[in-house]
Amino acid sequence: MTTGATVWLTGLPSAGKTTIAHELAGRLREEGRRVELLDGDEIREFLSRGLGFSREDRHTNVQRIGFVAELLARNGVTALVPVIAPYADSRDTVRERHEANGTAYVEVHVATPVEVCSVRDVKGLYAKQAAGELTGLTGVDDPYEEPVKPDLRIESQDQTVQESAAAVHALLTERGLA
């Protein structure tokens, strides 16, 4: 059986988390790895429908995603999880679940500055917030607690998507997970 792992990519909206995860997924699949990408937007639609964006609801959403990721990872799948997960205690709980089950967990902070994210604005969230149509945008008027000791920090504004994915891949290889 192949060793599974959860690769948790956290960062601000439009930081590049999902784009990097898709690139990494392709590389891992080419190597014959079993990979699932648990996109935060899809999870909200299908697994966490009805949850809002309060701190409690965000924590519940992250815990649900973490549970599914750990379940996949302990069964030999590399679970790529590009989600904002703004609160350190929520991410810590997910890591602790993995550790308690002996499941590999890698935290990647996609540390793109808010100024760069707001220019990318993939979903138009920053524009809506600036126009007063949206409140509670993570990193703008809602907190984002940056990881203190991530396994890897990527500054996506300084490298290509391919280089970012390669950096994650190198870390997984170094740890015997790719």
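Analyst: Let's start with a term. Buried means under 20% relative accessible area, exposed means over 50%, and partly exposed is in between, with a 1.4 Å probe and protein chains only. Next, helices (H or I, at least four residues) and strands (E, at least two) are DSSP runs, numbered from the N terminus.

User: And where does the model come from?

Analyst: This is a predicted model: local features need pLDDT of at least 70, side-chain atom pairs count only at pLDDT 80 or more, and totals for chains, interfaces and linings use all residues. Residues are numbered from 1 along each chain as its sequence is written, and side-chain values use heavy atoms, with hydrogens and water left out.

User: Which residues are buried in H3?

Analyst: They are Asp57, Arg58, Asn61, Val62, Gln63, Ile65, Gly66, Ala69, Glu70 and Ala73.

User: What do the buried residues of H3 pack against?

Analyst: They pack against S1, H2, strand S3 (78-82) and helix H4 (88-100). Contact here means heavy atoms within 4.5 Å.

User: How many residues does H3 have, and how far does H3 reach?

Analyst: H3 has 20 residues and reaches 28 Å from its first C-alpha to its last. That is close to the 28 Å expected at 1.5 Å a residue. The expected span is 1.5 Å times one less than the number of residues. Just after H3, Gly76 has a positive phi of about 90°.

User: New topic. How much space lies in the largest pocket?

Analyst: About 750 Å³. A pocket is an open set of points on a 1 Å grid over the protein atoms alone, where a 1.4 Å probe fits, with protein on both sides within 12 Å along at least five of seven lines; lining residues have an atom within 4 Å of a point. The volume is the space filled by probe spheres set on the points, which are joined across faces, edges and corners.

User: What does Glu31 touch?

Analyst: His169 and Ala178, not counting residues up to four places away in sequence. Glu31 and Ala178 are 147 residues apart along the chain, yet their C-alpha atoms are separated by 8.2 Å. Glu31 is partly exposed, at 44% relative accessibility.

User: Last one. What is the phi of Ser14?

Analyst: Positive, about 70°, although Ser14 is not a glycine. Most residues other than glycine have a negative phi. Ser14 is in the loop between S1 and H1, and is buried at 15% relative accessible area. Ala85 also has a positive phi, near 45°. Ala85 is in the loop between S3 and H4 and is buried, at 4%.
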